Amino acid sequence: MKWQGGRRSGNVQDRRGMSGGQKLTLGGIGGVIVIIVGLLMGGDPGELLNQMQQGQTGATTSPTADYESTPEEDKLLEFADVVLASTEDVWGSIFKSQGQQYPVTKLTVYTGTEETGGCGTGHSSFGPFYCPGDQTIYLDLSFNKELTQKYGAKGEFALAYVIAHEVGHHIQNIVGVLEKTNAMRAKMSEIEYNKISVMTELQADFYAGVWAHHVNKTSDIELTYEDIMDGMRAAAAVGDDHLQEQAYGQSNPETFSHGTSEQRATWFKKGYETGDINSGNTFGDPNLQ
């Protein structure tokens, strides 16, 4: 993956060492996305759901005035900045072709906990997440080690896929998908809504694939076939079935919120092969009903 020297977004806020919060008060679709990532990180989904509903998690972190970055972190920060810029280039071009302007998302890099603009206090243990309230992606760079060491998603493109997936949620927010799925939540049982959540996440995987399809032509990043394979392996590595079996020795399809390894890799691949945002209607796929 060639990215060094590429355009940097300028929409990245470095909050490392300045993070802090009172308690986790996530609700709505922002809460849904965070609990989904909590499961991705191996958390207990029932416990996380209770924490979000009650808003009584005392997760606090004091700002660290003497925080010192490492060369590895600095490189990851630059990498994330260039990847975000490439998503701006790709989605800006796609929206322009449809006579629209793409409203960019921001990326906040933080450590520990961080106050969001509409989704309460995010915690690094939940992994990366997107907050519709402030149209911002939140990322603790230490998640890159989780990808490599815990989930076996190797290669630089694994983190790029994660960022592109979260940008996929931003696209869903722009076009109104997140608002609609959030409205469904109050009308469904947890098991029923899990299916909607899976469709939502798989569509974000599809959008990540669409980005990968266009990135070589539209931005400063150059991908190879092996990068795309790394993306598919990364998508499969964070499939619900794989994560639950890894954490608990078994999986329960009724609790799936992201989709299986096969589904995630398949929808990423479909986005990459078609490059057409109109081909990503996961909500109309009878196999996901």
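Reader: Which helix does R233 lie in?
Author: R233 lies in helix α8, residues 225-237. Helices are DSSP runs of H or I with at least four residues, numbered from the N terminus. This is a predicted model, in which local features need pLDDT of at least 70, side-chain atom pairs count only at pLDDT 80 or more, and totals for chains, interfaces and linings use all residues. Residues are numbered from 1 along each chain as its sequence is written, and side-chain values use heavy atoms, with hydrogens and water left out.

Reader: What does the side chain of R233 make a polar contact with?
Author: Its partner is the side chain of E226, at 2.4 Å. A polar contact is a pair of N or O atoms within 3.5 Å; within protein, one must be able to donate a hydrogen and the other to accept it, and residues adjacent in sequence count only if both atoms are side-chain atoms.

Reader: And N194, where is that found?
Author: N194 is found in helix α7. The side chain of N194 reaches the backbone oxygen of E254 at 2.7 Å.

Reader: Is N194 buried or exposed?
Author: N194 counts as buried, at 12% relative accessibility. Buried means under 20% relative accessible area, exposed over 50%, and partly exposed in between, with a 1.4 Å probe and protein chains only. R233, at 41%, is partly exposed.

Reader: How far apart are N194 and P253?
Author: They are 59 residues apart in sequence and 9.4 Å apart in space, C-alpha to C-alpha.

Notes: Helix = DSSP H or I, 4+ residues; strand = E, 2+ residues; numbered from the N terminus.
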